[in-house]
Amino acid sequence: MPDASGVADAPAPASLPAVVGVLGGGRMGAGIAHAFLLAGVRVHVVERDAGAAAQARSRVETALGRSAARGGTVPDADTLALGTDLAAFAGAGLVVEAVPEDRALKLDALRRIEEVVDEDAVVASNTSSISIDALAASLAHPERFLGLHFFNPVPSSALVEVVTGARTHPGVVDSATRWVEAIGKAAVVVRDAPGFASSRLGVALGLEAIRMLEEGVASARDIDTAMELGYRHPMGPLRTTDVVGLDVRLGIAEELERAFGARFTPPALLRQLVAEGHLGRKTGRGFYEWSEG
């Protein structure tokens with residue numbers, strides 16, 4: 001409930017919410033759902049139609065199966081619910097928007113989430129580059145909104161950026177940080193800025209690697225090996241781009257170009273590969289050939 005200042009009280013941060021909602025069941029949304037399910041939380045995933053919901057269930061169940069094969073404890077089947085009605089988010093303590101990285105799409109998604117959630121629910125965006133303050137501007141309760149930037153692939157990625165907007169309640173930041181840690185991830189808190197910390201640095205390196213490939217400086221494999229062995233990066237920038245998705249990297253680069261200018265202008269090779277449908281691991285080809293999407 002709002003206090004006398006008009007700012008909503010923050011939810012108690014001591015434990016995870018009993019129910020978490022995820023809007024969007026693609027790779028990222030399914031990964032986020034998987035992370036909370038393993039922590040014992042009931043998760044509601046909402047997709048645009050029944051076919052997309054079925055695909056989302058398959059993604060989540062595949063991830064859970066891999067966890068079980070590694071000896072992990074798999075939750076009961078009834079802790080995961082999938083559907084197409086946002087009313088399922090009523091009663092959730094946290095709802096994470098995980099739709100594609102498109103500003104208009106996210107603005108619409110967040111407005112629709114806010115219409116159905118309880119007044120003490122925390123609403124988060126999984127955006128990797130769009131300003132949290134820009135997204136919050138259309139919300140009635142920006143004080144309960146922040147960014148939770150999970151990384152792809154979510155099951156094996158340890159990091160989550162907790163991105164604070166100018167009007168995010170400090171208690172919400174505290175709760176979100178504790179929740180991230182409770183699902184076994186490491187939280188870094190960053191102020192809202194274009195590209196936050198990880199995307200801004202990661203995309204800068206990735207774009208330069210693509211330019212080097214365009215110029216014939218070295219092969220994709222050798223560029224990556226130079227960073228893996230010379231700088232101890234676990235994965236080179238071009239292979240990372242394939243894993244993230246060339247279309248995702250292009251969208252982030254365009255967002256950063258608007259903010260910072262020509263230093264983030266996407267290379268022609270990146271635009272060409274995206275136009276041809278070569279998006280990386282998810283399509284079987286990017287800077288590398290992949291045996292599965």
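Residues are numbered from 1 along each chain as its sequence is written, and side-chain values use heavy atoms, with hydrogens and water left out. Because the model is predicted, local features need pLDDT of at least 70 and side-chain atom pairs count only at pLDDT 80 or more, whereas totals for chains, interfaces and linings use all residues.

Helices (H or I, at least four residues) and strands (E, at least two) are DSSP runs, numbered from the N terminus. Five of the six residues of strand 7 (residues 159–164) are buried, so this strand is largely enclosed by the rest of the structure; buried means under 20% relative accessible area, exposed over 50%, and partly exposed in between (1.4 Å probe, protein chains only). Strand 7 pairs with strand 6 (residues 145–150) in the antiparallel sense over four bridges, where pairing requires that DSSP finds at least two bridges between two strands. Phe-150 stands opposite Val-160 of strand 7. With strand 8 (residues 186–191), strand 7 pairs in the parallel sense over six bridges, and Arg-191 in strand 8 is the bridge partner of Thr-164.

In helix 10 (residues 268–275), the residues Leu-269, Leu-270, Leu-273 and Val-274 are buried. Seen down the helix axis, the buried residues of helix 10 fall within an arc of 130° and therefore line one face of the helix; the arc is that of the directions from the helix axis to the C-beta atoms. Ala-268 and Ala-275, on the other side of helix 10, are exposed. Just after helix 10, Gly-277 takes a positive phi of about 85°.
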